[in-house]
Amino acid sequence: MKKWLIPVVVLVVIGIIIYMMFGGIYNSAVQKQEDAKTAWSQVESAYQRRSDLIPNLVNTVKGAADFERGTLTDVIEARSRATSINVDADNMTQEQLQQFQQAQGEVSSALSRLLVTVERYPELRATQNFQQLQSQLEGTENRINVERNRFNETVNIYNVYIKQFPNNLITGMFGFDEMPRFASDPGSEDAPEVDFDF
């Protein structure tokens, strides 16, 4: 056997080990990052469902002849502001997420005021269309909460992975940054409760 072959084989084996270590960590980081991005798209989808329900709710409520127009305007404007804010999952920052949360919170608040106002219109509450929209809205709010929680869980898995040693050495070289999580809004513990049982 030729003497030069042994060092070449050793270098090849070392190269394969290093490649597998770097490649494994890199590929796992990519997978976890993509899982977090997918979870974000599910959050956006749940919010989009709520946004899609709002025009139907507004049109149903408009049917009440003397219904407060200002309440409807507030809902429409809050929806418009919320749908104008886009968060890029590839470059998500805590500030963008807070801005998104604030806009969605305004929608929630406007919807709560709308539903409280509707209580004064028993004929409107009694319509089947309104009851179905209420039910869909309640289900959508639950879905939003579930998707936000899933997003936070997948982001946590990703963030922990990229920070662990020796992963942090490799993920840092390739620019994997920590992703922000949803946090409760200040004062949200005192948020009014929406009661769908009239």
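Modeller: In this predicted model, rings of Phe, Tyr and Trp count as a pair if their centres lie within 6.5 Å, with planes over 60 degrees apart called edge-to-face.

Colleague: How many aromatic pairs does the structure hold?

Modeller: One of the pairs joins Y26 and F176, with 5.5 Å between centres and 70 degrees between planes, which is edge-to-face. Y26 lies in helix α1 and F176 in the segment after α6 (167–173), so this pair ties together parts 150 residues apart in sequence. The number of aromatic pairs in the structure is seven.

Colleague: Is Y47 buried or exposed?

Modeller: Y47 is found in helix α1. Buried means under 20% relative accessible area. Y47 has a relative accessible area of 7%, so Y47 is buried.

Colleague: Which aromatic cluster includes Y47?

Modeller: Y47 and F100 form an edge-to-face pair, 5.2 Å centre to centre with 85 degrees between the planes. Since Y47 lies in helix α1 and F100 in helix α3, the pair ties together parts 53 residues apart in sequence. The cluster is made up of W40, Y47, F100, F151 and F182.

Colleague: Are α1 and α3 roughly parallel or roughly antiparallel?

Modeller: The axes of α1 (residues 5–62) and α3 (residues 94–118) come within 12 Å and cross at roughly 30 degrees. Angles under 35 degrees count as roughly parallel, so α1 is, relative to α3, roughly parallel.

Colleague: How do the residues of the contact of α1 with α3 divide into nonpolar, polar and charged?

Modeller: Among the residues that meet are Y47, R50 and I54 in α1, and F100, Q104 and S108 in α3. The contact divides into eleven nonpolar, two polar and one charged.

Methods. Residues numbered from 1 in each chain as written. Predicted model: local features only at pLDDT ≥ 70, side-chain atom pairs only at ≥ 80, totals over all residues. Heavy atoms only, no water. Axes fitted to C-alpha atoms, helices over the stretch in contact; angles between N-to-C directions. Helix = DSSP H or I, 4+ residues; strand = E, 2+ residues; numbered from the N terminus. Parallel < 35°, antiparallel > 145°, perpendicular 65-115°, else oblique. Contact = heavy atoms within 4.5 Å. Nonpolar A, V, L, I, M, F, W, Y, C, P; charged D, E, K, R; others polar. Buried < 20%, exposed > 50% of the residue type's maximum accessible area, 1.4 Å probe, protein only. Phe/Tyr/Trp six-rings, centres within 6.5 Å; stacked < 30°, edge-to-face > 60°.
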